[in-house]
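Biologist: I have a new structure to get through this morning. Can you walk me around it?
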Amino acid sequence: MPKCIIDGREAEFKAGENLVEVAKTVGVEIPVFCYHPGLSVVAQCRMCAVEVEKMGKLQTACSTPATEGMVVHTQSEKVKKNQKGVMEFLLINHPLDCPICDKAGECDLQDNSYKYGDAYMRYTEERRTYLDLDMGPVIKKNMNRCIHCTRCIRFGAEVAGVREMVAVQRGNNTEITTVDGRALETDYAGNYADICPTGSLTLKDFRFKKRAWYLKKTSTVCEGCSRGCNIELHQENNVIHRTLPRENQQINKWWICDEGRFNFRYVNASDRVSTPHALRVESDWTSAIETARTAVAGKKVALLVGTDLTQEELALVQQFGAKSFPGAMIAHFGTSGVKNSSDDADADALLKRKSKTANLHGAEKLGIPAFESLPAGVNAVVVIRGGRAVLPSLGGVTASVGIGVFAGSQAAGFEVVLPGLSFAEKEGTVVNSAGVEQKFKRAIGPVGKSKSLSEILMMWNFQGTSPHASQNQKVTAAAGGV
Amino acid sequence: MNIMHPDGGGGVATENLFAQHFKNDEARFIDYYLNKMGGYTALKKAFGMSQDDIINEMKKSNLRGRGGAGFPTGVKWGFIPKQSAKPKYLVCNADESEPGTFKDRDIMRYTPHLLIEGMVIGGFAIGAHHGYIYIRGEYTREAKLLNEAIDEAYAKGYLGKNILGTGFDFDLTVHRGAGAYICGEETALLNSLEGKRGEPRVKPPFPAQSGAFAGPTIVNNVETLAVVPFIVNRGGDWFSGLGKIERSGGTRLISVSGHVKKPGVYEINAGSMTIREIIYDLCGGVLGDKKLKAVIPGGSSAPVLTADEIDVVYDIDPLMKIGSMMGSAALMVVSEDYCVVKLLGRITKFYAHESCGQCTPCREGCKWMEDVIERIEHGHGREQDLALLLDIADNINGKTLCALGDAAAGPVMSFVKKFKSDFEAHIRGGKCPNV
């Protein structure tokens, strides 16, 4: 591989790789604003300018491919002077309202200002201001904070496939806005906030909710469709506040769709059923399970599983079915119109898949067939799901027991509801449409009195081994404390 | 010395390429061009030459680009790849937006067929079959005249399909700009030509690799292309000999404006005169016989010269040697009773207004400099403002995406350094000492 020298360190590179990326491989950080590896290179912010030996002027690292034997200095006086100059230029018209800005704490402008800027500013003229603009339900725009990096313009045109962000006016009056001031159209709008290097574009949903540095972050996988985009869930005090995309070049690059981004809302929603319900009234776990057992006792049972369950959960249901309801049908449900993996396909040109659950492909791998209709004679149905699989029509047969995550309105259809865990509260494997196995990671503890599926099924079986429910209560209480 | 007076005297020189035809309203018609100027004979000759022969003559001619950068034209043409999957283009930069420059306007008004013939030859030499003339929006009359001349050339078979039976096709389109200075920068021009926002592109790739519509493209100034027929007809060596200085061939059309008695477009042999000679011999001296205060030698972006620096030969290399530039050969003369702070303020306001806004130092810095200079001009300056101005200019100079940043920084640095006492007088006295 060809080599170049960056700050005295020998760096190998692939042909065409730019200096920002090559420098990262040897632990040298070159500050950037307009550069983003997923977007075209425009070299506009000038922050990444570095000194390249045998070249007179400073060269922008983002637009300069490394060449064999190239000698680069990123710490020279000339480079530092330029960084200070660019930081000053970017800040003279910036409102410096970090204390009330949602981006504070994770803001490129703020971070680079601390690292490369000057605490003292020489600007005494009046700051430039812009009028406000409503950009629709997802993004809040604050043009005064904008540093004109044009990442948003390029994201729209190059990634989302919509030319909706544009620059209007010229020079010092340049404004980044939407075409004719319209609302954003793309259903990937949340990414605008992610790539904005300052607080100019922020999420309305997250506005004034939490300071970024209080949030605890968990790397996990989106359950929104069979793509399995990599995400981070951010929570504080067991409440999820937002989802951010996590880079995975094989699956979602740097992006997620808005549906996936805001999917977490049901997890802490007030209408989520998080206590056991027996005969539509709140109950305790022992009585609810007893009622569930009674409801299916002596009946011909079918087990329906959501394709939003993990591989481990599905396998558990298979064991449970074989042991407790030998011969009972086990079939999966998830997205209306997408019964089998052959029905699953790309739903748009970027990330979305037709299957709106994470594990359709995993369920098939375990040999679970798609649910078509109930076999003749079935008079009791146990439905087990996560939080996303669309409940199937049972053709008039009573849904006896629902296990998993249900909203109040959904729960009303079941005689017994045993509240389970959402994707944010459990660990487990899901298989995406490309056959890649990925893990859900637990971001928060169980919401309310919800329990994991393994615990619920264990209690169901355990209570069945003793004739005296009263004795079981004590044992279960102990088990529940584990 | 080949000169032309704007007030009708006309050049009497032996080698006066353009100026003898200026002010002649017949010269723009193809009949005059064919009968009186040997029109389109160079094209016939060029078709008998190989592409390399033409480019070699261009290299021999020592023709340096007349738009401002002074890059050798033959070398530039040589950058075009022989084989290209995408169509190649020849683009004429007729944006002529550098303040003080108005020479290309006269070429388009009076000798448009020189430009057309030069472009067909250029297209043949680089293998382009489509040319564009990107003309500044304000030149409505010139755009109309060009289109009329192009129509004549099509009618006579000098443009279009199978030119002169050679099988070579070349179409020429006039594209009007919308009045942005930045669209004189060649990559911003190409963006504008393609219907995009007029913003400079990141280089590389240079236009010769990927220019208009991503095809290999040569962008040349009007004057540069209009001398091509002369070079082809009479040879590169002859053209090179017109220059009276090393590495600079031909004649130069210069635009003189400001406080001189006879402003206008003049034609001189390259490197044949000093600035003093141009002002006092050619243009009759400073208006009102006042003392000379300053000269801006190459369009408003060129670093200013004081009255003591005008014995420099007016050409690319000598001016570069003393830290200024010939640029588009627009010489602006300033007399002693004009406020240089106000002048710099006006220049800086122009660049702040014309900055495209995409790159940080130019977008933010030009306006900041404008504000500071305006403050000084109106008597609200502070002692530290001069150091501040120089530092802002330094943070822009050489650090921007295109040359506009340098164009804005150069005047600020040179004015503040060379006329420091005027700026200090404004700061301390609150008003201009000279007016």
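Modeller: We can go through the chains, their domains and a few elements in turn.

Modeller: Keep in mind that this is a predicted model.

Biologist: Fine. What does the secondary structure of chain A come to?

Modeller: Chain A has 12 helices and 21 strands. Its C-alpha trace spans about 85 × 50 × 45 Å along the principal axes.

Biologist: How much of chain A is buried?

Modeller: Of the 482 residues in chain A, 49% are buried. As for contacts in chain A with a separation of 6 or more, 64% of them are between residues 24 or more positions apart.

Biologist: And which domains is chain A divided into?

Modeller: Domain 1 covers 3-75, domain 2 covers 97-111 + 127-210, and domain 3 covers 277-480. The C-alpha centres of domain 1 and domain 3 of chain A are 52 Å apart.

Biologist: Which strands form the open sheet of seven in chain A, and in what order?

Modeller: The order is S14-S13-S19-S18-S17-S15-S16 in chain A, with mixed pairing. S14 (281-282) and S16 (329-333) of chain A are the edge strands, each pairing on one side only.

Biologist: Take S17 and S18 of chain A. Parallel or antiparallel?

Modeller: Parallel, over five bridges, with S17 at residues 380-385 and S18 at residues 399-404 of chain A. Arg385(A) has Gly404(A) in S18(A) as its bridge partner.

Biologist: Which helix packs on the sheet and touches S15, S16 and S17 of chain A?

Modeller: That is H8 (residues 311-324) of chain A, whose direction makes about 175° with that of S15(A). There is also H7 (residues 285-296) of chain A, which lies across S13, S15, S17, S18 and S19 of chain A and runs at about 140° to S19(A).

Biologist: I keep looking at Ser450(A). Where is it found?

Modeller: Ser450(A) sits in the loop between strand S21 (437-440) and helix H11 (453-464) of chain A.

Biologist: Why does Ser450(A) count as buried?

Modeller: Because 23 other C-beta atoms lie within 10 Å of Ser450(A), and 20 or more is the cut-off for a buried residue.

Biologist: What does Ser450(A) touch, leaving out residues up to four places away in sequence?

Modeller: Ser450(A) touches Ser274(A), Pro419(A), Gly420(A), Leu421(A) and Glu425(A). Trp285(A) is 165 residues from Ser450(A) along the chain, and their C-alpha atoms are separated by 9.6 Å.

Biologist: What are the domains of chain B?

Modeller: Chain B has domain 1 (19-241), domain 2 (250-335) and domain 3 (340-429). The C-alpha centres of domain 1 and domain 3 of chain B are 35 Å apart. Between these two, 10 residues of domain 1 of chain B are in contact with eight of domain 3 of chain B. On the domain 1 side, seven of the residues are nonpolar, one is polar and two are charged.

Biologist: And which strands form the open sheet of five in chain B?

Modeller: In order, S6-S5-S9-S7-S8 of chain B, with mixed pairing. S6 (264-269) and S8 (305-306) of chain B are at the edges with a single partner strand each, so each has one side without a neighbour in the sheet. S5 (residues 251-258) of chain B pairs with S9(B) in the parallel sense over four bridges, and Ser257(B) stands opposite Met332(B) in S9(B).

Biologist: Last one: which elements do the buried residues of H14(B) pack against?

Modeller: They pack against strands S7 and S9 and helices H15, H17 and H18 of chain B. The buried residues of H14(B) include Val340(B), Leu344(B), Ile347(B) and Tyr351(B).

Definitions and conventions: Residues numbered from 1 in each chain as written. Chains lettered and ligands numbered in written order. Predicted model: local features only at pLDDT ≥ 70, side-chain atom pairs only at ≥ 80, totals over all residues. Domains from an automatic or database assignment. Buried ≥ 20, exposed ≤ 12 C-beta atoms within 10 Å, placed from the backbone. Helix = DSSP H or I, 4+ residues; strand = E, 2+ residues; numbered from the N terminus. Contact = placed C-beta atoms within 7 Å. Pairing = 2+ DSSP bridges. Nonpolar A, V, L, I, M, F, W, Y, C, P; charged D, E, K, R; others polar. Axes fitted to C-alpha atoms, helices over the stretch in contact; angles between N-to-C directions.
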